[in-house]
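Here are some exercises to work through with the structure open beside you. Try each task before you read its solution.

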Amino acid sequence: MTTVAIVYHTGTGHTGALAEAIAKGAASVENVTVHLLQITPQQIGEDGRWADSEIMAKLDAYDAIIFGCPTWMGSVSSVFKAFMEGTFSLWFDQRWKDKIAGGFTNSASQSGDKLSTLFQLSIFANQLSMIWVGLGDPPGNNQSTRSVNDINRLGTWLGMMSQSDGDRDATQAPPMSDRITGERYGRIPS
């Protein structure tokens with residue numbers, strides 16, 4: 001049995017909806033168990049670092065970890081950054097060495113500097129000696145015959161990126177094409 005954790009922060013619910021789509025894709029693979037683990041501001045200590053020993057123990061036990069957060073101001077959300085800094089001791093211990101890793105992000109703008117967030121997530125995983133897996137779908141919506149309804153409509157490969165209109169709630173955004181892309185991405189690290 002392969003175990004996959006999706007550890008994520010969501011602000012408005014859009015990134016959470018994407019996390020659920022990725023979990024659905026991973027769970028569709030035979031002999032894979034998936035758990036969603038949400039990072040919250042309440043888990044940040046006075047030192048500014050994330051701390052939750054129960055979640056950390058769970059993450060240590062998983063075969064693969066997929067990281068996700070919104071892109072805010074061209075970067076990972078502050079809550080997810082606190083999570084990253086809260087794992088500092090892992091770097092010394094190499095506890096996640098050779099685990100499979102992946103990442104995803106969401107923002108309201110079409111670009112929204114999401115690539116910067118994926119760079120940060122992949123560097124974080126590589127600093128922990130994890131094995132990073134990118135998105136393997138060809139680009140959608142890059143020709144006049146294509147549309148926003150295509151998978152990988154934003155044309156990304158480093159990880160999964162999604163876009164959600166800021167005036168829509170998580171039941172309406174991200175769009176179905178991004179959710180389907182997320183499901184497909186969830187199957188890859190499994």
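A residue is called buried when its relative accessible area is under 20%, exposed when it is over 50%, and partly exposed in between (1.4 Å probe, protein chains only). Keep in mind that this is a predicted model, where local features need pLDDT of at least 70, side-chain atom pairs count only at pLDDT 80 or more, and totals for chains, interfaces and linings use all residues. Residues are numbered from 1 along each chain as its sequence is written, and side-chain values use heavy atoms, with hydrogens and water left out.

**Exercise 1.** Decide whether Phe 67 and Phe 83 are buried or exposed.

*Solution.* Start with Phe 67: its relative accessibility is 0%, so this residue counts as buried. Phe 83 is buried as well.

**Exercise 2.** Classify the ring pair of Phe 67 and Phe 80.

*Solution.* Step one is the rule: rings of Phe, Tyr and Trp (its six-membered ring) pair if their centres lie within 6.5 Å; planes under 30 degrees apart are stacked, over 60 edge-to-face, and the rest tilted. A search of the whole structure finds 10 aromatic pairs. In one of them, Phe 67 and Phe 80 sit 6.2 Å apart centre to centre with 70 degrees between the planes, which is edge-to-face.

Step two is location. Helices (H or I, at least four residues) and strands (E, at least two) are DSSP runs, numbered from the N terminus. Phe 67 belongs to strand 3 (residues 64-72) and Phe 80 to helix 3 (residues 78-86), so their pair ties together parts 13 residues apart in sequence.

**Exercise 3.** Which way does strand 3 run relative to strand 1, strand 5 and strand 4?

*Solution.* Two strands pair if DSSP finds at least two bridges between them. Take each partner in turn:

- Strand 1 (residues 2-8) runs parallel to strand 3, with 5 bridges; Val 7 has Phe 67 as its bridge partner.
- Strand 5 (residues 100-107) is also parallel, over 7 bridges; here Gly 68 stands opposite Phe 104.
- Strand 4 (residues 75-76) is antiparallel, with 2 bridges; Thr 71 stands opposite Val 76.
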